[in-house]
Amino acid sequence: MKMKLTFLKKINWITHIIELLVVFLGITAGFVLQNNKEQNANKEIEQKYIEGIRYDVVENIENLQEAIQRDSLWLEQSKYALKLIASDSLSLDSSNSLIKTMIFYSEFSEQTTTYENILNSGNLNLIEDYDLKQKIVEYHKELENFQLLDTYFHDYFTETLMPFMLINYDMFHQKLIVLNSHKSILFKNIFGTHYSLTQQRFEGYNRLLEESKKMKKLLDNKMN
């Protein structure tokens with residue numbers, strides 16, 4: 001018993017405690033440094049994502065402005081033709097000019113590359129600002145919803161307008177070849193549908209443009 005007590009007395013408990021404390025602090029410091037390293041890496045990735053989304057939004061704004069200008073011009077030029085068609089007064093020459101503008105098909109190709117990369121990599125949660133993350137998701141949902149209208153326009157173009165053109169219109173000489181086809185109910189309905197869909201698309205473009213400008217402002221504020 002006395003030997004045990006003597007042995008215990010010889011152990012320098014303070015030294016051992018200090019050594020254990022040093023080891024503990026070393027391990028803890030390692031975890032902290034590793035955690036900080038990962039956080040800094042995540043911050044860099046988040047910043048790149050935000051910059052990438054902003055780049056995509058700016059490109060969307062430019063494309064939307066071009067699309068709005070294009071549709072605005074067509075709607076303005078076709079407004080009078082709509083009245084003439086309604087009163088059965090549209091001439092053959094005017095019909096030919098109108099057809100040439102109708103067969104020019106264009107669509108808005110949204111830029112969503114960065115957002116798709118984020119979703120595919122499962123890194124959406126790296127964007128720490130919850131409100132910003134929510135706005136980014138909502139913005140891309142708006143882009144997705146708009147594609148439904150663009151798809152409907154495309155279906156009308158390929159399934160209604162083009163079949164009419166193939167039968168009634170000479171592409172080489174750019175004129176209607178079927179007698180009084182421009183006065184037919186089919187032509188009137190086609191033009192009316194074309195005008196209505198273009199008007200809806202024009203309004204959709206403007207809504208998307210406003211949302212894109214708001215999104216850019218949010219991203220600018222975050223980057224600053």
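Good morning. The model is predicted, so local features are taken only at pLDDT of at least 70 and side-chain atom pairs only at pLDDT 80 or more, while totals for chains, interfaces and linings use all residues. Residues are numbered from 1 along each chain as its sequence is written, and side-chain values use heavy atoms, with hydrogens and water left out.

I begin with the overall layout. The protein chain contains 6 helices and 2 strands, in the order α-α-α-α-α-β-β-α along the sequence. Helices (H or I, at least four residues) and strands (E, at least two) are DSSP runs, numbered from the N terminus. Of the 224 residues in the chain, 32% are buried; buried means under 20% relative accessible area, exposed over 50%, and partly exposed in between, with a 1.4 Å probe and protein chains only. Among contacts with a separation of 6 or more, 84% join residues 24 or more positions apart, a contact being heavy atoms within 4.5 Å.

Next, the cores. A nonpolar core is a set of buried Ala, Val, Leu, Ile, Met, Phe, Trp, Tyr and Cys residues joined through side-chain atoms within 4.5 Å. The largest one has 24 residues, and those touching the most other members are Val-57, Phe-108, Leu-132, Ile-136, Tyr-205, Met-215 and Leu-219. Two or more residues each come from α2 (13-86), α4 (113-121), α5 (130-168) and α6 (185-223), with α2 giving the largest share, 8 residues. Beyond its neighbours within four places in sequence, Val-57 contacts Tyr-139, Ser-212, Met-215, Lys-216 and Leu-219. A second, separate core has 22 residues, including Leu-84, Leu-90, Met-102 and Phe-187.

Which residues of helix α3 (residues 92-102) are buried? They are Ser-95, Asn-96, Leu-98, Ile-99 and Met-102. These residues lie on the same side of α3 because they cover an arc of only 165° around the axis, the arc being that of the directions from the helix axis to the C-beta atoms.

On a 1 Å grid over the protein atoms alone, a cavity is a set of points where a 1.4 Å probe fits but cannot get out, and a pocket is an open set with protein on both sides within 12 Å along at least five of seven lines; lining residues have an atom within 4 Å of a point. Grid points are joined across faces, edges and corners, and a volume is the space filled by probe spheres set on the points.

The largest pocket holds about 210 Å³. Its lining has 15 residues, of which Arg-70, Asp-71, Trp-74, Thr-101 and Phe-104 are the closest to the centre. At least two lining residues come from each of α2, α3, α5 and α6, and α2 gives the most, with 5 residues.

There is 1 cavity of 30 Å³ or more. The largest cavity has a volume of about 30 Å³, and its lining consists of Leu-84, Ile-85, Asp-88, Ser-89, Leu-90, His-182, Lys-183 and Lys-188.

Is Lys-188 buried or partly exposed? Lys-188 counts as partly exposed because its relative accessibility is 22%. Leaving out residues up to four places away in sequence, Lys-188 touches Ile-85, Asp-88 and Lys-183. Lys-188 and Ile-85 are 103 residues apart along the chain, and their C-alpha atoms are separated by 6.6 Å.
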